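Here is a set of questions and answers for a reader meeting this structure for the first time.

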Amino acid sequence: MLEPKQLEKAFKKVEDENWMFRSFLKGEDSDHLDSRVHDLHRELFKHMDCISCANCCKRIVPAFTQKDINRIAKHLNMTGADFKVKYIKEKQGVLVIKTKPCPFLTGQGCSIYAVRPECCRGFPYTDKKEMVFRLINLVENCRVCPVVFEIFERLKGIYRTEFEEYKKEMAFYWK
Ligand code: SF4
Ligand code: SF4
């Protein structure tokens, strides 16, 4: 698996192919795709040390629901209002953290891990159903998460024959 610092460069090399692969996957059987992605998710996260990686905490701006804010503020002995003033801004109607990397990231990982926002808890969502509707995020997260990058590479291997056929058929449009 790649190191987080290798991802950006590696992603640039496969970015076009990944978008083409995303178009191909849209036409695949949804249950079949879910089962492949979930198997890879389980296998790869078994060996991944997310605390030492923490690339998502450095690169992604997490969104907070009001429930997240109330829970985390209580944990920090703050009011929800004070927490919002200190850490949260609104961006296109969504409550997000003000600064990047996330201010709760420490050398030992997330300092509010037990009460972290639901969106952090779920990232990178590769264990969710109906991956076919999450493919854009999956491609974008290839540049952030080493596991997602690896899942995508392994999926290309699993669907190699069908994807090669698809590439030939679509060559004219993808020039
Ligand atoms: S709240 Fe914790 S898990 Fe979420 S981005 Fe910040 S440090 Fe990472
Ligand atoms: S979810 Fe992905 S990017 Fe985030 S810490 Fe784990 S491996 Fe790294």
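This is a predicted model: local features need pLDDT of at least 70, side-chain atom pairs count only at pLDDT 80 or more; totals for chains, interfaces and linings use all residues.

Q: Which residues does I112 touch, not counting residues up to four places away in sequence?
A: I112 and L76 are 36 residues apart in sequence, with 8.6 Å between them in space, C-alpha to C-alpha. Contact is judged otherwise, by C-beta atoms that lie within 7 Å. With residues up to four places away in sequence left out, I112 touches I72, H75 and F104.

Q: Which class is absent from the shell around ligand 2?
A: The residues around ligand 2 are M48, C50, C53, A54, N55, C56, F123, P124, V144, C145, P146 and V147. At least two residues of this shell come from each of α3 (50–53), α4 (55–59) and α9 (146–158). By class, the shell has 11 nonpolar residues and 1 polar residue, and the count leaves out one class, charged.

Q: What is phi of A54, one of the residues around ligand 2?
A: A54 is found in the loop between α3 and α4. A54 is partly exposed because 19 other C-beta atoms lie within 10 Å. Its phi is positive, in a residue other than glycine, and is near 50 degrees.

Q: What is omega for the peptide bond from F123 to P124?
A: Both F123 and P124 are among the residues around ligand 2. P124 is found in the loop between α7 and α8 (135–141). The peptide bond from F123 to P124 is cis, with omega near 5 degrees.

Q: Where is P101, which is joined to K100 by a cis peptide bond?
A: For the peptide bond from K100 to P101, omega is near -5 degrees. P101 is found in the loop between β2 (94–97) and β3 (105–106).

Q: What is phi of Y125?
A: The place of Y125 is in the loop between α7 and α8. Y125 counts as partly exposed because it has 15 C-beta neighbours inside 10 Å. Phi of Y125 is a positive value in a residue other than glycine, near 65 degrees.

Q: How is α5 placed relative to α6, roughly parallel, roughly antiparallel, roughly perpendicular or oblique?
A: Helix α5 (residues 66–75) and helix α6 (residues 80–87) pack with their axes 8 Å apart, at an angle of about 100 degrees. Angles of 65 to 115 degrees count as roughly perpendicular. That makes α5, relative to α6, roughly perpendicular.

Q: How do the residues of the contact of α5 with α6 divide by class?
A: From α5, I69, N70, I72 and A73 meet G80, F83 and K84 in α6. Gly counts as polar and Lys as charged. The residues of this contact divide into 4 nonpolar, 2 polar and 1 charged.

Q: Which residues does L135 touch, not counting residues up to four places away in sequence?
A: L135 is found in helix α8, and is partly exposed, with 19 other C-beta atoms within 10 Å. L135 and N18 are 117 residues apart in sequence but 9.9 Å apart in space, C-alpha to C-alpha. Not counting residues up to four places away in sequence, L135 touches R22, L25 and K26.

Q: What distance separates the centres of domain 1 and domain 2?
A: The protein is divided into domain 1 (4–45 + 124–170) and domain 2 (61–122). The C-alpha trace of the protein spans about 60 × 35 × 30 Å along its principal axes. Taken over C-alpha atoms, the centres of the two domains are separated by 29 Å.

Note on methods
Residues are numbered from 1 along each chain as its sequence is written. Chains are lettered from A and ligands numbered from 1 in the order in which they are written. A residue is near a molecule or strand if its C-beta atom, placed from the backbone, lies within 6 Å of it. Helices (H or I, at least four residues) and strands (E, at least two) are DSSP runs, numbered from the N terminus. Two residues are in contact if their C-beta atoms, placed from the backbone, lie within 7 Å. Axes are lines fitted to C-alpha atoms, for helices over the stretch in contact, and angles run from 0 to 180 degrees between N-to-C directions. Angles under 35 degrees count as roughly parallel, over 145 as roughly antiparallel, 65 to 115 as roughly perpendicular and the rest as oblique. Domain bounds come from an automatic or database domain assignment. A residue is buried if 20 or more other C-beta atoms lie within 10 Å of its own, exposed if 12 or fewer, and partly exposed in between; C-beta atoms are placed from the backbone.
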